[in-house]
Amino acid sequence: MIAGEGLEKRYGGKRVLRGVSFVLPRRGFLLVTGPNGSGKTTLLRLLAGLAAPTKGSIRVEGDRGDLGFLGHEPMLYRELTALENLELFGRLYRVAERRERSGMLLERFGLWDVRSDRVSTFSRGMVQRLALCRTLLHDPALLVLDEPFTALDEAGAALLDGELAALTGDRTIVLSTHDPQRVAALATERLVLA
Amino acid sequence: MSALSLYTSDVVALARKDLRLELRARDTLPAMLLFVLSTLAVFHFALPTGTGADAAYGLLWIAIVFTALLGLGRAWAPEREGGALEALVLAPCDRSAIWLGKTLATLAFLAAAELVALPAFALFFAPLDLVAVAGVVLASIGICAVGSLLAAMAAASRGREVILPLLFLPLVIPLVVGGVGAGISPDGAAFLSFLGLYDLVFAILAWATFEYVVTE
Amino acid sequence: MSSRNNLPLLAFTTAGLLGLAVVLALLVAPEDANQGVSQRIFYFHVPIALTAYACFGLGAWKALRLLWVGGERRDLESYTWIHQGTIFGALTLITGSIWAKASWGVWWSWGSNQLVLFLVLFLFYCAYFMLRFSIDEGARRERICAVYALFGVALIPVSFFAIRLASDFIHPTVFTRAGPQMTHTMFGAFVVSWAAITLLAYVMYRVELSGKRADSNLRDLREALS
């Protein structure tokens with residue numbers, strides 16, 4: 001369950017978010033849309049706890065271990081291999097049977113063959129897929145995904161569609177996108193930022 | 001797993017990650033090694049004949065401090081490049097473990113540079129006794145403990161590499177005093193105790209406050 | 001906010017006290033047997049140094065409160081105290097240098113532990129400003145500056161010991177200057193001066209802080225209107 005009340009975020013002189021309020025019940029799916037610069041990324045970072053609101057308040061149920069965040073940056077180590085990245089984050093996120101789970105996710109997202117290659121050798125789409133693996137690694141109850149379809153090719157996007165369909169109704173999801181048609185059917189709430 | 005052993009394994013995993021990255025990239029450590037040797041060579045030409053061993057010993061510390069700065073400037077680079085620091089911050093592990101892992105890795109690199117620098121110094125200038133070496137060890141701990149936190153601060157600023165020396169040098173002055181004193185003064189033990197005190201105070205402070213440097 | 005109203009009164013009191021302090025220090029207090037006229041600077045140099053320490057300490061306290069409790073207010077307060085501390089630190093260096101010139105004939109002496117300590121602190125706190133103005137405004141900047149302020153206050157005693165150790169062994173003190181044995185009149189002049197300078201620092205703090213708050217309020221208003 002997430003509740004935001006009168007959220008404002010100011011960076012220096014510029015106000016990026018003004019007076020945003022919403023409530024998302026558990027296992028709901030919040031779709032966040034809006035033009036460039038409307039503050040989608042800022043809002044999601046506030047929800048993830050990576051930034052603090054200038055005004056207003058947020059309540060998010062659960063602690064850090066329950067959160068899976070996918071941002072604009074992949075949040076991976078470029079010179080480690082895919083497996084090594086997932087191994088490290090698996091340990092830090094206290095994932096049970098992390099080897100098995102890493103392998104399963106890599107396979108699911110079509111990265112099994114490149115599991116021992118360094119991330120710096122990946123294409124942008126492959127990096128995004130690995131970032132998704134990292135996000136889902138610890139099976140979080142709350143998923144905050146900032147434009148997750150970025151850079152994914154058709155195959156990758158289809159994989160993500162499948163994941164989202166499977167997780168909807170079972171996890172709480174907040175997703176921002178430029179292409180709302182794709183996931184509109186899954187969303188239970190919508191928030192349009194101006 | 002108990003909380004302490006969990007914490008320890010986090011720290012070890014993070015430090016090993018840094019060592020592994022350096023072994024692959026091989027950019028920071030060779031630079032530090034070459035830098036420290038070149039600096040010692042420059043010192044020879046900078047010191048007129050007849051300069052005592054004591055003055056040369058002082059310069060060793062300048063070499064160590066600036067070599068450490070070189071390493072510290074790159075300490076958080078892997079986290080910055082892929083945005084991984086945020087993933088670490090979001091993880092359920094203690095934020096101070098991030099600092100401790102990074103400090104231990106940086107200490108390993110600095111120790112490697114010193115393993116080259118100290119024999120070179122003994123060869124080029126003057127021999128070193130055990131107290132002097134103990135001083136180097138203790139001061140290095142303080143350098144890395146404080147330096148990795150300051151480097152994280154610098155990473156958040158627009159100034160980046162430029163601001164790190166400004167933050168680092170005033171804080172390192174007591175360490176230089178301790179290290180030089182341990183080497184040249186008759187009462188080396190007093191300086192070693194002082195270095196231990198500095199390490200204790202600032203390591204605890206860095207450990208406790210790192211969380212606030214990387215979160216909002 | 002009734003405390004705002006007493007600022008003009010405080011300012012007048014400060015001016016008065018300072019005037020009194022100058023008179024006492026320069027005219028009324030007896031001349032020191034050993035050092036002569038130059039010793040009179042002591043009546044200002046030492047209170048200025050003590051005030052600088054107090055400002056840094058208060059800046060660190062506000063910083064600690066910021067980390068514990070939070071609030072943009074404390075960030076401004078911490079910053080303003082540190083700003084005052086740096087100003088008074090610079091004044092310490094200047095008055096100390098003048099005193100050194102008058103006592104020993106040199107503008108700077110590494111043998112003066114006090115001067116050296118303030119040099120280190122001055123460098124440290126100058127870096128505070130460089131750090132502060134190189135980070136974009138926001139919660140991140142507040143926290144980083146607060147942590148740095150805490151490091152500063154830890155540095156003060158540690159540096160003090162370091163410099164003491166250094167001056168004993170590495171740079172043996174050539175010149176010594178014992179604190180004057182104070183007679184009652186001297187002590188009186190010292191206390192007045194200390195009170196005046198402490199009050200001056202407080203008044204400057206209040207003035208600067210209200211300026212910063214006004215800035216912040218003005219910006220909030222602009223935001224609300226646009």
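## Helix pair in chain C

In this predicted model, helix H4 (residues 72–104) of chain C packs with helix H5 (residues 113–133) of chain C, their axes coming within 9 Å and crossing at roughly 145°. The crossing of H4(C) and H5(C) is left-handed.

On the H4(C) side, the contacting residues include Tyr79(C), Ile82(C), Thr86(C), Thr92(C) and Leu93(C), together with the glycines Gly85(C), Gly89(C) and Gly96(C).

## Contact between chains B and C

Chain B places 30 residues in contact with 28 residues of chain C. Two elements of chain B, helix H8 (163–184) and helix H9 (188–214), each give two or more residues to the side that touches chain C. The largest share of that side comes from H8(B), with twelve residues. Sorted by class, the side of chain B that touches chain C has 21 nonpolar, six polar and three charged residues.

## Contact between chains A and B

Between chains A and B, 25 residues of chain A are in contact with 19 residues of chain B. Strand S5 (67–70) and helix H2 (82–92) of chain A each supply at least two residues of the side of chain A that touches chain B. H2(A) gives the most to this side, with four residues. The side of chain A that touches chain B comprises 15 nonpolar, two polar and eight charged residues.

Note on methods: Residues are numbered from 1 along each chain as its sequence is written. Chains are lettered from A and ligands numbered from 1 in the order in which they are written. This is a predicted model: local features need pLDDT of at least 70, side-chain atom pairs count only at pLDDT 80 or more; totals for chains, interfaces and linings use all residues. Axes are lines fitted to C-alpha atoms, for helices over the stretch in contact, and angles run from 0 to 180 degrees between N-to-C directions. A crossing is left-handed if the near helix is turned anticlockwise from the far one by less than a right angle, and right-handed if clockwise. Two residues are in contact if their C-beta atoms, placed from the backbone, lie within 7 Å. Ala, Val, Leu, Ile, Met, Phe, Trp, Tyr, Cys and Pro count as nonpolar, Asp, Glu, Lys and Arg as charged, and the others, Gly among them, as polar.
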